[in-house]
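This report describes selected features of one structure in running text. The sequence and coordinates come first.

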Amino acid sequence: MFPFVCRGIMRAAIHTRRIRGTLPGRLLSSCDGVPAGLADADTIFALSSGHGRCGVAVVRVSGPASATALRCMAGLTRSSLPPPRKALLRCITDAKGKEVLDRGLVLWFPAPHSFTGEDSVEFHIHGGTAVITAVLQALGSVPGMRPAEAGEFTRRAFQAGKLGLTEVEGLGDLIHAETEAQRRQALRQMSGDLGRLYQNWSHKLKRCLAHVEAFIDFSEDELIEDGVLNQVDTSVCHLQAEMERHLKDERKGERLRSGVQVVIAGATNAGKSSLLNTLCQRPAAIVSPMAGTTRDIVETALDIGGFPVLLSDTAGLRDSPDVVEREGVRRARERVEQADLTLVVVDCAHLLTDAQQAVDVLQTHLMCVLSSQEQPETDRCLLVLNKSDLLPECERQKLDREMRRVSGLPPVCLISCHTNDGLQDFLTVLHSSVKTLCGDPLSGAPTLTQARHRAHLQQCVAALAQYKRHRDTDLALAAEGVRLALTSLGRITGRVAAEEILDIIFKDFCIGK
Amino acid sequence: MLTKKRPLPWSVLSLLSRRAAHLARQQYDVIVVGGGHAGTEAAAAAARVGAETLLVTQKIQTIGALSCNPSLGGVGKGQLVKEVDALDGLCGRAGDWAGIHFTILNRKKGPAVWGPRAQLDRQRYREFIQSELLSTPRLTVLEGSVEELLVTEPNPEEPGHHRVTGIRLANRSQPITASSVVLTTGTFLSGALFMGQTMSPGGRFGDAPSSAGLSHTLRERLGLRTGRLRTGTPPRIVKDSVDLCQAELHLPDTHPTPFSFLNKHTRCKPEEQLPCHLTTTTPGVERVVKESLHLNCHIQQDTKGPRYCPSIESRVLRFPGRSHQVWLEPEGLTSDLLYPQGLSMTMPPDMQLRLIREIPALRRAEIHTPGYGVQYDFVCPTQLSPALQVKNTQGLFLAGQINGTTGYEEAAAQGLWAGVNAAHWALSLPPVALSRTESYIGVLIDDLVCRGVTEPYRMFTSRAEFRTSLRPDNADLRLTLKGSEEVGCVSSLRYREAVRVRDSLQDALAALHALTLSTNKWRNKLPGLQMSENKNTLVTAGELLQYNHVSFEMLASVFPESLSPYAEFSQRLKIEAVYKPYCDMQKKEIERIQREENMSLPQDLDYFSLPVSLSQEVREILDRVRPSTLGSATRLQGITPAAVVNLLRYVHATNAGLKGRTHTNQPERKEERDEERCARNASLPQ
């Protein structure tokens, strides 16, 4: 059996999405050397034990809302917080206290007697990916909570004076950025290719800096080839473009944190709402044989094989004289535009038996549904042919065969929401699409690390712009840009010492004086 | 000041020095051993701070001699000269006195990396330094060879295993005692000269070797780790025998820029300056090097030489098949010699002649003095504190090549700082340190004492993380005020000038930011102004000055009344305006580092028994280097951030960071010191 978990967690992802928008900005400020401008009113949570499958996982929460989270999720009433620092076996539920997620230990550390000096809570739960994701999602839905940045617990501990380090909050590398161990871990957690890519960039930047520095320090007395700076110009341009591309299409980490936006779209009465209900295993949306039943967006958060998915059902696309329905269609199109993945639902009874004609019809239909996307991306969509139970068995098999043969279409699944026929296959396809969108699941939950990487890379790109700006007027300021870029990248790949730059200079140039 | 004080004639000088030698006493505050760039700056600085100082050198005549190249400054090195000058040192003013070819290198690459440089007249440079030293109050110069360093038990209230008490000279039975001793022995510490297959003891051609006693004391008695380095110098060439038409002419700047903040002009008039010439090596040079390799024992040894001032031998061996630059530099206004920069070599003299004649411009050249190599001992500088004091020996300071550096400017910078601290030690004042966030001198010293050296250390601008803020133009603002208020090594004349400059710059910048016009009006007043802003945006004159093509003069022409009083600072104001945003960006990082540097680690900490979580490897590194502050510990190779946090927790818990000599008792001390100074001045032989 395919090990998928499909469970509704009410609107958990919506909250985290709001956070996503502000995170890079916050990171930028914390990298400036300012004690992270994060309002301490925020309550943070994170998986504190190692990632991946393990027997027991520890999820830590710190901040003023810790007690609320504990009450909500451990079924405790207002008066009965557990005794401080005593383990208590509880059923751990979602934030509404409705669904049991796991059974585990909870510990309550009231301020100031905790690691961070703030109110803190620990959940000791079973280490499966699904359980961890569910608990993290549930925590995210408690008001005032957000995922912690890497090292943020330690940072708060410093700032609270718990480690006796109050007057050294300026120790930027230690407090604002990752410790060496964290950095190594982060780098290891990145898939091998990504790690190599960053190392490669760092290597190229080092060379650029070395060559600019060689030109500054030696070109007046030595034969530094004239082309050196032109080479740097080209390299910087390439790197900048490459990083920008990388930043543009690499949102996997963020998706994993905030949930993949999956939108169900299609013509009216194709069975979109039925699909939603089937997937979340409860009647979340009203279904009826009437075309245009669904008018507003119906959202539900799902866990598809360990990946958070925010599933939206939308109004069927058609021209309608009804004002309300027109607004529904507008919203549907808007949602499709923002989707990471669109499930285009088609009533398979509408497909003619001629395979080629079916393909044409489907293609036209796809273009129509996806038309609101700037560039319709068929690789970001799945075709769901619903109501297969209404076809005679031989027709159904023929259609299935034909659909497997044709090319030029996104993955096609033939299902019946009525009989659940084909649902398992569909879930397999859906899981693999979501997995592709989120990246390798075994690298587990280092999505936060990756969000930080993103911020560092953005700084890096900005610093390279400084090189270009000053290249012809003030090489010292231009070099400063490359140096800043390298420092930003160094927060991912490790610090680059001045001596390394000199090593490159002396390897590449004959410096005689 | 340059124009007023002229060096004394040679005859008077030697008379004075002999008299000084005769008057040498038995006891001083500070003794400086060595009369090179480090020694002269050290002696002068110690005397300026107020210490009764003795400079001992083998030959008074060679005080201030330029042993190698006849030039001062350059990229990175020029910054050091400006900083030494800002602290009232000698080399900047000496350069202005002796310079015969002034250029600002990197003129097109941004003011942060400008490299003020000058070719020098050797004779004039020596004259200036000697006259300056011999007329410095509280400073005595003595000719002699140091036989032994006097060492005794330490003062138990201070860290260290030994205490230096003075020196013993070769030709004097009575020792001379002092509270501190500064060693600036250059290449003379177990120095050996190489030419071809011959080797002879010595540190410079034509001078006697120094005594083995000093080396012995450092290694055996004080247990200091030493290493061996090598360097070299090219043959000097008879000018008349060179065909300069075959070389590329390089003219100096039409308006020479003085090094010193006190000088408006150089001694050499613009039109009196001499040119340099540039030529290149040929394949024949490479051939001669290869043929002479078996006759060249210096190049065959594996002692570490610098990567950046290598002999022509190592250059062609490492980068074969290329042509290498050779600069033909004048040795002085009246000198008959040329200095071929880039042709340092150690092969036998006949091969040297063959080699240089492979270069077209030198086809008929005659060699006046052949080139040679030097190998010498240096003391691993990680054994020093940021005050350049040997950590295990109270009162012993080291500066210059003995610390593994190369270059006049590097030596002068260390000399000045070692002299200042030697005087502070002798006068019971707290040690002073310069941070790498405020000066190249700080970068130099921090690199030396934290990282150590594996090859002769030379300054590059790329070593300074805060290059944007540490510019040659603002060295006075960075250092002169501190040098006067905290260090006490700056004359009141220079201090007043620095205060005037600081106040004027502040006023001028305030005036610039108070002058606001709409872009439209600016365009009307300054035709040709390229501005992208909307026409009704208000722009201050200060913002406008950040534009590439806008000069202070242009703005002063629009607002003559408010701006023309600051015309003398036009260039500095332009630089300040352009760099301000970038300096502001660096400020936070600078403050972070300064905080770390303010947390000191006790020198006697036993890292092996420290009850904190540190790996054995980290403990060994810390024990070996003994960083003096948490800041230096973070920069050590192999120290993880986690280790620093643990260390910090310990330091904080034990409050050890507050121990040691602090600055709090300075005010009363200073009064005491002034009184002492007066008393001393009164007792000076008139």
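This is a predicted model: local features need pLDDT of at least 70, side-chain atom pairs count only at pLDDT 80 or more; totals for chains, interfaces and linings use all residues.

Residues are numbered from 1 along each chain as its sequence is written, chains are lettered from A and ligands numbered from 1 in the order in which they are written, and side-chain values use heavy atoms, with hydrogens and water left out.

**Chains**

Helices (H or I, at least four residues) and strands (E, at least two) are DSSP runs, numbered from the N terminus. A residue is called buried under 20% relative accessible area, exposed over 50% and partly exposed in between, with a 1.4 Å probe and protein chains only. Contact means heavy atoms within 4.5 Å. The table gives the totals for each chain.

| Chain | Secondary structure | Buried residues | Contacts joining residues at least 24 apart, among those at least 6 apart in sequence |
|---|---|---|---|
| A | 17 helices and 12 strands | 56% of 513 residues | 70% |
| B | 23 helices and 23 strands | 62% of 686 residues | 73% |

**Ring interactions**

Rings of Phe, Tyr and Trp (its six-membered ring) pair if their centres lie within 6.5 Å; planes under 30 degrees apart count as stacked, over 60 as edge-to-face and the rest as tilted. Over all chains, the search of the whole structure finds six aromatic pairs. One of them is formed by A:F218 and B:F460, an edge-to-face pair with 5.1 Å centre to centre and 65° between the planes. This pair crosses between chains: A:F218 belongs to helix α7 (residues 192–218) of chain A, and B:F460 to the loop between α12 (440–451) and α13 (475–487) of chain B. Both A:F218 and B:F460 are buried.

A charge sits over a ring if NZ of Lys or CZ of Arg is within 6 Å of the ring centre and within 35 degrees of the ring normal. In chain B, the charged end of B:K82 sits over the ring of B:F261, 4.4 Å from its centre. The charged end of B:K109 sits over the ring of A:F215, at 4.5 Å from the centre of that ring.

**A helix pair in chain B**

Two packed helices are described by the angle between their axes and the distance between the axes. Here axes are lines fitted to C-alpha atoms, for helices over the stretch in contact, and angles run from 0 to 180 degrees between N-to-C directions. The axes of helix α11 (residues 408–426) of chain B and α12(B) come within 10 Å and cross at roughly 85°. The two helices α11(B) and α12(B) are therefore roughly perpendicular, given that angles under 35 degrees count as roughly parallel, over 145 as roughly antiparallel, 65 to 115 as roughly perpendicular and the rest as oblique. On the α11(B) side the contact is made by B:E410, B:A413, B:Q414 and B:W417, and on the α12(B) side by B:I441, B:L444, B:I445 and B:L448. By class, this contact has six nonpolar, one polar and one charged residues. Ala, Val, Leu, Ile, Met, Phe, Trp, Tyr, Cys and Pro count as nonpolar, Asp, Glu, Lys and Arg as charged, and the others, Gly among them, as polar.

**Backbone features in chain A**

Most residues other than glycine have a negative phi, and most peptide bonds are trans. A cis peptide bond joins A:A111 and A:P112, with omega about 0°. A:P112 is in the loop between β4 (100–109) and β5 (120–126) of chain A.

A:R85, not a glycine, has a positive phi of about 60°. A:R85 lies in the loop between α2 (66–74) and β3 (88–93) of chain A and is partly exposed, with a relative accessible area of 46%. A:N269 also is not a glycine and has a positive phi of about 60°. The loop that holds A:N269 is the one between β7 (260–266) and α10 (272–280) of chain A. A:N269 is partly exposed, with a relative accessible area of 32%.

B:Y339 lies in strand β17 (residues 337–341) of chain B and counts as buried at 2% relative accessibility. Not counting residues up to four places away in sequence, B:Y339 touches residues including B:C68, B:R122, B:W327 and B:E331. B:Y339 and B:K239 are 100 residues apart in sequence and 9.1 Å apart in space, C-alpha to C-alpha.

B:D446 is found in helix α12 of chain B and counts as buried at 11% relative accessibility. B:D446 touches B:R436, B:R451, B:S632 and B:R635, not counting residues up to four places away in sequence. The C-alpha atoms of B:D446 and B:R572, 126 residues apart along the chain, are separated by 28 Å.
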